[in-house]
Amino acid sequence: MTVIKVEGRNLREALEKAKSEFGDGAVVISRKRSPGRVTLAVSEAAPRSPVDLLGMRQQARSLLASKVDVNHTNTAAIRRCLTQRGASPTLIQTICQNVQQQAASGAHPLDLAGAELARSFPVAKGRHEAGRTTLMAFVGASGAGKTTSLAKLAYRLVQTGRKVALVTLDVYRVGAVEQVRAMGKNVHCKTLAARDVLQLRSLLQREDRPDLILLDSTGRPDKDGEALRRLQTALREWDEPVDLQVFLVAEATMRPMALEEELQRMGPLPFAGAILTKTDETRRPAPVMEYLAKKGLGLAFLSNGRDLKEDFHRAGGDAFANLMLKGRVQ
Ligand SMILES: Nc1nc2c(ncn2[C@@H]2O[C@H](COP(=O)(O)OP(=O)(O)O)[C@@H](O)[C@H]2O)c(=O)[nH]1
Ligand SMILES: [Mg+2]
């Protein structure tokens with residue numbers, strides 16, 4: 001539960017500020033008077049349990065003891081934006097408190113919030129060793145945007161002169177191979193439908209071995225998890241220099257619980273990060289972003305539309321700040 005500090009020249013002014021922050025649900029946890037000044041520690045709602053109350057009192061004590069000057073009209077806009085994005089009270093509180101602590105810097109609160117948000121979410125570190133083939137496998141629910149994102153990434157890599165192959169293990173679903181082929185053609189990338197890992201190996205044994213293989217999967221978490229673990233075992237037995245990196249493709253519109261279930265069904269995999277798709281389809285990307293951060297999955301890319309050449313962006317501080325404050329990547 002969020003507890004904040006508000007100040008006024010008198011109790012009435014302080015209470016008005018509390019109300020403008022949290023509306024009619026605001027509850028005063030503690031108050032401090034000094035000449036010409038009333039300071040309140042206010043919660044967004046009443047405590048739900050004695051433990052809750054204890055936590056709030058502790059927060060209130062440390063807030064009232066802190067010397068940090070508060071100007072809550074500054075953080076009200078940040079609080080509003082983050083609430084609209086679906087951010088958790090803990091994240092909102094952390095960002096607002098950090099912004100308040102830097103109030104003396106003179107920077108605009110929204111800029112300070114942007115910088116704080118940029119630091120709040122991890123970025124996946126892309127690794128590609130020269131002379132080795134990076135095998136990037138995308139897993140995620142059916143319809144999450146795996147194939148589209150792979151084609152978008154292939155396009156970016158081909159543009160920078162990389163030798164890329166688009167490979168799919170999704171060979172039984174009607175139309176799946178055709179979809180990958182069509183997308184590969186669109187972005188000028190070789191495609192291969194691999195019925196088994198040996199076909200994949202033959203690709204690695206070629207003279208013109210790709211620098212990167214982008215591996216599509218079927219969208220059935222248990223089957224894909226198993227297939228990738230089998231591949232991981234096979235790779236250990238082969239001499240070919242390959243690094244397997246698995247990326248979770250998560251829709252920004254998804255509920256974290258559904259994502260959790262999906263990950264459990266997949267089982268342990270060598271995850272290198274995540275791709276966030278459909279950021280254009282929601283104004284509330286925060287729950288999934290916070291969930292991924294909690295799982296230690298840094299974001300590698302953000303997708304904000306269907307266009308293969310335009311709507312794919314490298315994840316980073318600016319994009320996170322835009323998403324959380326404006327509700328869009330750019
Ligand atoms: N609006 C929007 N649609 C997307 C995005 N990424 C993928 N899609 C669409 O989502 C649908 C499913 O994508 P697909 O790549 O086939 O998902 P897959 O089943 O995980 O391979 C397709 O219609 C895509 O055009 C995105 O970032 N925004
Ligand atoms: Mg697909």
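Does Asp224 count as buried or exposed, and at what relative accessibility? At 5% relative accessibility, Asp224 counts as buried, where buried means under 20% relative accessible area, exposed means over 50%, and partly exposed is in between (1.4 Å probe, protein chains only). Here is a short tour of the rest of the protein and its ligand.

This is a predicted model, in which local features need pLDDT of at least 70, side-chain atom pairs count only at pLDDT 80 or more, and totals for chains, interfaces and linings use all residues. Residues are numbered from 1 along each chain as its sequence is written, chains are lettered from A and ligands numbered from 1 in the order in which they are written, and side-chain values use heavy atoms, with hydrogens and water left out.

**Overall layout**

- The protein has 12 helices and 11 strands; these are DSSP runs numbered from the N terminus, with helices being H or I of at least four residues and strands E of at least two.
- Along its principal axes, the C-alpha trace spans about 80 × 40 × 35 Å.
- Of the 330 residues in the protein, 49% are buried.
- There are three parts to keep in mind: domain 1 (1-67), domain 2 (73-120) and domain 3 (133-325), with bounds that come from an automatic or database domain assignment.
- Between the C-alpha centres of domain 1 and domain 3 there are 46 Å.

**Around ligand 1**

- Ligand 1 is surrounded by 16 residues, each with a heavy atom within 4 Å of the ligand.
- The closest of these are Gly143, Lys146, Thr148, Asp280 and Ser303.
- By class, the shell holds 2 nonpolar, 9 polar and 5 charged residues; Ala, Val, Leu, Ile, Met, Phe, Trp, Tyr, Cys and Pro count as nonpolar, Asp, Glu, Lys and Arg as charged, and the others, Gly among them, as polar.
- A polar backbone atom of Gly143 is 2.7 Å from an oxygen atom of ligand 1.
- On the nitrogen side, a polar side-chain atom of Asp280 lies 2.8 Å from a nitrogen atom of ligand 1, and an N or O atom in the side chain of Glu281 is 3.0 Å from a nitrogen atom of the ligand.
- On its own, ligand 1 has 580 Å² of accessible area, and the protein covers 83% of that (Shrake-Rupley method with a 1.4 Å probe; for residues, only the protein chains shown count as cover).

**Helix α6**

- With 3 residues, helix α6 (residues 146-159) gives the most to the shell around ligand 1.
- The 14 residues of α6 should span 20 Å at 1.5 Å a residue, and its end C-alpha atoms are 20 Å apart, which agrees; the expected span is 1.5 Å times one less than the number of residues.
- Most of α6 is covered, with 10 of its 14 residues buried, including Lys146, Leu150 and Tyr155.
- Just after α6 comes Gly161, which takes a positive phi of about 85°.

- Asp224 is found in helix α9 (residues 221-237), and its C-alpha atom is separated by 35 Å from that of Leu82, 142 residues apart along the chain.
- His188 sits in the loop between α7 (176-186) and β6 (190-193); its phi is near 60°, a positive value in a residue other than glycine.
- With a relative accessible area of 60%, His188 is exposed.
- Lys278, in the loop between β9 (271-277) and α11 (286-294), has a positive phi of about 60° although it is not a glycine.
- Lys278 is partly exposed, with a relative accessible area of 23%.

Methods: Polar contact = N/O pair within 3.5 Å; in protein donor to acceptor, adjacent residues only side chain to side chain.
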